[in-house]
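Work through the exercises below with the structure in view. Try each task before reading its solution.

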Amino acid sequence: MIRLRCREQLHEALVRETSQGVEVVVDGQASRPEVEEATPGSFVLRTPGPDGVARVETFHVAREGDAIHLFWRGDVYRLDEEREGRRGGAARHAEGGLEAPMPGKVIKVAVAPGDAVEKGAEVLVVEAMKMENALRAPKAGVVRSVAVKVGDMVAPGRVLVEIE
Amino acid sequence: MTLFRKLLIANRGEIAVRVARTARALGIPTVAVYSEADRGALHARACDEAVAVGPAEARASYLSFERLLEAAKRTGADAIHPGYGFLSQNGDFADACRDAGIAFVGPPGDVHRKMGDKKGARRMMAAAGVPVVPGYDGDDQQDATLAAEAARIGFPLMIKPSRGGGGKGMRVVHRLDDFAAALASCRREAKGAFGDDTMVLERFVQRPRHVEVQVIADSAGTTLHLFERECSVQRRHQKVLEETPSPVLTPVLREELCAAGVAAARATGYVNAGTVEFLLDPSGRFYFLEMNTRLQVEHPVTELVTGLDLVRMQLEIAAGRPLAIGQSELRSQGHALEARLYAEDPANDDLPSAGRVLVCALPEGPGVRVDTGVARGSEVSVHYDPMLAKIVTFGRDRAESIARMAEALSRTAVLGLATNLGRLRTLVDHAEFRAGNLHTGFIEEHLGEVSPHPCAPPEAIAAALAALHAARGRGAAASRAGTAAVPDPFAALGGWRLS
């Protein structure tokens, strides 16, 4: 779950890939926005109508750190992602997702999708500033996905491995 | 044979980019100067050559005679365009250029100095028959004399320092009883800020409009006006919206005002482009306010209605050429409106904001001109003026240029730092603005309290998250290809947990 603060309001959202494309759930409402990147930071949203005519509009979004800057229908918004334990340097444990705690390079991947892992098992190793950081399984389970391979550069907050 | 061998642009931001454009069109090679903070700035890439002139602090870079003249010498530039702000109205710099054998694109040093002294400028204008606000501009500066003059002028009145600007040492006084204390405080402020506590008294004009006349003069003594601009929509003495023609001038009043502008320019022995600013009171009387001895920020609206390139005319005049056009051939056609996009935060008392421009989507289309000093990736620092870009629209009439402006602003997106975009949209949509009912307190009167911006609707958040998810693939691909050596904001589009 992503927690996004926009002014006084807190929104909960998640993004998942489904067989019909990317699904986004915001405050319990699921949708499949059809977006296409036009130029960096600029996107086209197509909303199909019942008569086969799609509404087409351009919007802009960029992320810097935990801040998401959004231009939508003429107005500008800022959304801030709230993360607990971000600065702790440890991997996130919630939801079974394992995030990169810092920017760095993946130097070891110890698991593959379908593998059973024990809680605390080393899943992968990220190197940053000549320091190696082992990411360990937050719970026992089965690896559902591995989003990276050795040599990939990763950004903080990026989900690297999913365990369920 | 070009006008100059090479032109150095002693400025930054949108005006440096805009001047370079005309120079290139005229075949004049250009030199940009940049401070350490501006190494990657748009203007430093807009010229044929670029010279570092010092640290971020303007005093040691963009305001340094020595550094700028040295850069001109090193690059072989034989002309310097000062833009606006910085050294553009510095008579001593104009003289220093002349002494170094470099053409200063602007009026000579003594004109800058004459107009930089409000007391002297007022007297010169009054002598030339240009109306000035009833007041006192005498040499006798004793407190008792000023108090007696204040009683004669009547209240409310303004106390203004003769030298300086920016609102420092300036007060509105409503009653004679308050005058002595206000005068003392103005003197202290002016002494501290400008090293001079000579004061001018002027009757306070209530609900004035700010209307100015663009003038241009060649060194043979031909002086023309290029009609007026109305810049009443201001925030803290900073113009926000500018337009031409003014929605309130009758043809007769326009003629009188423009003639006064020409008379003011002639009285100073003006050469090159300048602007004579007037206050217009609700009864239609106008008064000389000051003269800006440089190209104005808002010059594009004049260019759009006259079809002229003011920078080209400035360069021709600086090269000693006579004006190639006469007053009777000049026409103002249609209507043009300019909106200034500032890096300032309406939610934080309009204080300047800073940051990196992550997205820079600027409008284009029929009747739309954008002069920008930033692009995607630009760093906006707090060292300099917070103006990012000017959006200018042109139409057959005021309604059309306003409609084009509203549409253009709805497509303007500068993300990564706070801007006044929302305020510009509110202003342009305001019924009183559309009706042309303007005065210099317009923003305070109609947009006093900024309504808190609502949160993004859920569908917008959903689209944003889907977009960031889609962009993630590209960021990762760039990293794998090793092309993301410079951190790209999109490479940091953190993965959203898949569950």
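**Exercise 1: the cores**

Task: find which members of the largest nonpolar core touch the most other members.

Solution. The largest nonpolar core has 37 residues, and Val233(B), Leu241(B), Leu388(B), Leu427(B) and Phe433(B) touch the most other members. A nonpolar core is a set of buried Ala, Val, Leu, Ile, Met, Phe, Trp, Tyr and Cys residues joined through side-chain atoms within 4.5 Å. Buried means under 20% relative accessible area, exposed over 50%, and partly exposed in between (1.4 Å probe, protein chains only).

Next, take Leu241(B). Leaving out residues up to four places away in sequence, Leu241(B) touches, among others, Val233(B), Leu427(B) and Phe433(B); contact means heavy atoms within 4.5 Å. A second, separate core of 34 residues includes Leu7(B), Ile216(B), Leu323(B) and Met387(B).

The model is predicted: local features need pLDDT of at least 70, side-chain atom pairs count only at pLDDT 80 or more, and totals for chains, interfaces and linings use all residues. Residues are numbered from 1 along each chain as its sequence is written, chains are lettered from A and ligands numbered from 1 in the order in which they are written, and side-chain values use heavy atoms, with hydrogens and water left out.

**Exercise 2: a helix in chain B**

Solution. Helices (H or I, at least four residues) and strands (E, at least two) are DSSP runs, numbered from the N terminus.

Then look at the ends. Asn90(B) caps the N-terminal end of H3(B), with a side-chain oxygen 3.0 Å from the backbone nitrogen of Asp92(B). After H3(B) comes Gly101(B), with a positive phi near 75°.

**Exercise 3: the interface**

Task: how many residues does each chain give to the contact, and what salt bridges cross it?

Solution. Chain A gives 57 residues and chain B gives 49 residues. Two salt bridges are found across the interface of chain A and chain B, a salt bridge being a side-chain nitrogen of Lys or Arg within 4 Å of a carboxyl oxygen of Asp or Glu. Arg73(A) and Glu459(B) form a salt bridge through their side chains (3.5 Å, N to O).

**Exercise 4: one residue**

Task: is Glu37(A) buried, partly exposed or exposed?

Solution. Glu37(A) lies in strand E5 (residues 34–39) of chain A. Glu37(A) is partly exposed because its relative accessibility is 23%.

Note on methods: A polar contact is a pair of N or O atoms within 3.5 Å; within protein, one must be able to donate a hydrogen and the other to accept it, and residues adjacent in sequence count only if both atoms are side-chain atoms.
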